[in-house]
Amino acid sequence: MRILTGSVGRKILMSITGQLLIIFVLIHLIGNSTIFFGPAGINAYAEHLHSLPPLVWLFRLVMLAAVSVHICYGVMLTLENKAANPGAYAVKRQLKASFASENMVWTGALLGCFIVYHLAQFTIHGTPDVVVGMDAANRVDVFKMVVTSFGHALISLTYMIAMVMLFLHLSHGIPSFLQTMGWNNDKTIPVFSTGGKVISAVLMLAYISIPVVILAGLLKL
Ligand code: HEM
């Protein structure tokens with residue numbers, strides 16, 4: 001199909017998969033925020049989430065497909081852009097180039113590494129810090145797991161650095177997808193650009209607040 005092979009089609013697919021991932025990041029943040037209500041909050045949330053296994057697996061497959069397309073086409077676009085515009089001359093021609101826009105492939109790669117680590121830790125429970133157990137209501141104790149892991153300063157620091165990568169990636173990704181969808185004109189471009197940075201900063205700070213609050217001892221077992 002032309003949409004899968006043409007460069008415009010690929011950009012659109014990158015944009016759509018990027019939007020799916022942003023929606024996930026938003027929903028995941030709302031879910032994670034239930035940790036501020038203690039074990040009753042996040043353990044009940046996790047229990048609800050896992051109460052329909054076929055739906056969980058459907059969601060995981062959709063996310064896996066979205067991430068795979070996003071990464072493959074992201075790498076292809078970067079290589080194509082490099083081949084088409086080699087050298088410093090091309091960099092000068094880029095519109096509103098920024099650190100974030102020029103390093104999308106690197107911030108994306110670091111986020112990919114973070115997600116692999118994060119899944120190994122909290123989904124597969126395969127890292128040594130993870131404490132798996134049940135709470136008083138016989139639910140999986142996600143609260144204890146997260147609080148124990150984030151109690152290690154190095155783990156919290158890793159998350160904070162990953163969230164800075166998320167900020168950088170989204171601060172260019174959000175205006176970029178709005179532009180790809182064709183909703184841009186002279187008036188909206190600066191709004192998209194500032195809006196992208198503000199939304200990304202809010203997401204980063206909200207995610208970072210979890211390890212910070214735990215390290216500060218405000219959320220404890
Ligand atoms: C403070 C930051 C974060 C915390 C505390 C956190 C917590 C968790 C926990 C507890 C789970 C396991 C859920 C369960 O199986 O019940 C999980 C899964 C997951 N997280 Fe996070 N997360 C954070 C940030 C992120 C970010 C920034 C991303 C993506 C960019 C992300 C992507 C995922 C994915 C893809 C899963 C797997 C979902 C599944 O099992 O299907 N997380 N997270």
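**Entry 1. A loop residue**

I began with Asn 138, which counts as exposed at 56% relative accessibility; the terms used here are buried for under 20% relative accessible area, exposed for over 50% and partly exposed in between, with a 1.4 Å probe and protein chains only. The model is predicted: local features need pLDDT of at least 70, side-chain atom pairs count only at pLDDT 80 or more, and totals for chains, interfaces and linings use all residues. Residues are numbered from 1 along each chain as its sequence is written, and side-chain values use heavy atoms, with hydrogens and water left out.

I located Asn 138 in the loop between H7 and H8. Its phi is positive, near 60°, although Asn 138 is not a glycine. I noted for background that most residues other than glycine have a negative phi. His 125 is likewise found in the loop between H7 and H8, and its phi is positive at about 60°. His 125 counts as partly exposed because its relative accessibility is 31%.

**Entry 2. The chain as a whole**

I then looked up the secondary structure and found 10 helices and zero strands in the protein chain. Helices (H or I, at least four residues) and strands (E, at least two) are DSSP runs, numbered from the N terminus. The C-alpha trace spans about 60 × 40 × 35 Å along its principal axes. Of the 221 residues in the protein chain, 37% are buried. For contacts (heavy atoms within 4.5 Å) between residues at least 6 apart in sequence, I read that 72% join residues at least 24 apart.

**Entry 3. The iron atom**

Which protein atoms are donors of the iron atom of the ligand? I found NE2 of His 28 and NE2 of His 118, lying 1.9 to 2.0 Å from the iron atom. His 28 lies in helix H2 and His 118 in helix H7, so the pair ties together parts that are 90 residues apart in sequence. Donors are N, O and S atoms within 2.8 Å of the metal (3.2 Å for Na, K and Ca); water is not among the atoms, so sites may look incomplete.

The arrangement is octahedral because the six donor atoms around the iron atom subtend angles of 86 to 180°. Six donors count as octahedral if opposite donors are over 155 degrees apart and all others between 65 and 115. I also checked accessibility: His 28 is partly exposed at 24%, whereas His 118 is buried at 17%.

**Entry 4. The shell around the ligand**

I listed 20 residues around the ligand, of which His 28, Asn 32, His 50, Arg 60 and His 118 come nearest; near means that a heavy atom of the residue lies within 4 Å. The shell divides into 14 nonpolar residues, five polar and one charged. Here Ala, Val, Leu, Ile, Met, Phe, Trp, Tyr, Cys and Pro count as nonpolar, Asp, Glu, Lys and Arg as charged, and the others, Gly among them, as polar. H7 gives the largest share of the shell, five residues.

- Arg 60 lies 2.7 Å from an oxygen atom of the ligand.
- His 50 lies 2.9 Å from an oxygen atom of the ligand.
- Asn 32 lies 3.3 Å from a nitrogen atom of the ligand.

**Entry 5. His 70**

Lastly I looked up His 70, which lies in helix H4 (residues 53-84). Is His 70 buried or exposed? His 70 is buried, with a relative accessible area of 17%. Beyond its neighbours within four places in sequence, His 70 is in contact with Met 14, Thr 17, Gly 18, Leu 21 and His 169.

Methods
Polar contact = N/O pair within 3.5 Å; in protein donor to acceptor, adjacent residues only side chain to side chain. Tetrahedral: all angles 85-135°; square planar, octahedral: opposite > 155°, others 65-115°.
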